Amino acid sequence: MITTLADRIRGLASLFWREVAKFGAVGGVAFVIDSAVYIWLFSGPMHGSEVWAKAIATIVASIFSWVANRFWTFRHRKQANVVREAVLFAVMNLVGLLIASGCVWVAKYILNLNDKPSLFIAGSVVGLILGTVFRFFAYRFWVFNEELDAEPAYSKDHELIEVHHRPKAGVAEAGHAGPPTGELPSVKNG
């Protein structure tokens, strides 16, 4: 039983870390998109409106993120109802946007940090880290939460998640107290 439980935990951890790695790669590209748009907006067209610039940058990066997460990171969990999935994704990203923009707001209006590097760090480092942690769990458990499908790359994941107790090869029928076939019984000297 302990071995079966340990195998199940290892299987879940393997699946979880594969999703985390892909999510991280998508997040890295989304970070570049978010940061580039944010810097461009608050340095040019939205100078003086840093909170709104961060909100728009987050929306642009979120659109990229939905497509990449739907068709790569969580492709084995995407929902059949695309509209429901997109609405849930938008709601979760709205929360992430509020987290990132809230960090800029706190830096600017509470901490009185008005220089561009401080506002960038507040929104694109602190806000993005906090928002990313929230988004991973939101996407994993609420947005892309369908059961694993039969995609070949994930076909063994059902076995990792479900507990299957199979007797080892060579073990006699249940109730037989003898050693597995091919093993000699231990002899006690005494």
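This is a predicted model: local features need pLDDT of at least 70, side-chain atom pairs count only at pLDDT 80 or more; totals for chains, interfaces and linings use all residues.
Residues are numbered from 1 along each chain as its sequence is written, and side-chain values use heavy atoms, with hydrogens and water left out.

**View 1. The ring pair of Phe23 and Phe136.** The ring centres of Phe23 and Phe136 are 5.1 Å apart and the planes stand at 70°, so this pair is edge-to-face (planes over 60 degrees apart; under 30 is stacked, the rest tilted). Because Phe23 lies in helix H1 (residues 2-43) and Phe136 in helix H4, the pair ties together parts 113 residues apart in sequence. Helices are DSSP runs of H or I with at least four residues, numbered from the N terminus. Phe23 and Phe136 are both buried (under 20% relative accessible area; exposed is over 50%, partly exposed in between, with a 1.4 Å probe and protein chains only). Ring pairs link Phe23, Phe136 and Phe137 into a cluster.

**View 2. The ring pair of Trp105 and Tyr109.** This aromatic pair is tilted, with 6.0 Å from centre to centre and 45° between the planes. Both residues lie in helix H3, four residues apart, about one turn of the helix. Trp105 is partly exposed at 43% relative accessibility, and Tyr109 is partly exposed at 48%.

**View 3. Helix H2 against helix H3.** The axes of H2 (residues 50-73) and H3 (residues 82-110) come within 9 Å and cross at roughly 150°. Axes are lines fitted to C-alpha atoms over the stretch in contact, and angles run from 0 to 180 degrees between N-to-C directions. By class, the contact has 12 nonpolar, five polar and five charged residues. Among the residues that meet are Ile59 and Trp66 in H2, and Phe89 and Leu97 in H3 (contact means heavy atoms within 4.5 Å).

**View 4. Phe134 in helix H4.** Phe134 has its place in H4 (residues 116-143) and counts as partly exposed at 26% relative accessibility. Not counting residues up to four places away in sequence, Phe134 touches Met92, Val95, Gly96 and Ile99. Phe134 and Gly96 are 38 residues apart in sequence, yet 7.0 Å apart in space, C-alpha to C-alpha.

Key:
Helices (H or I, at least four residues) and strands (E, at least two) are DSSP runs, numbered from the N terminus. Ala, Val, Leu, Ile, Met, Phe, Trp, Tyr, Cys and Pro count as nonpolar, Asp, Glu, Lys and Arg as charged, and the others, Gly among them, as polar. Rings of Phe, Tyr and Trp (its six-membered ring) pair if their centres lie within 6.5 Å; planes under 30 degrees apart count as stacked, over 60 as edge-to-face and the rest as tilted.
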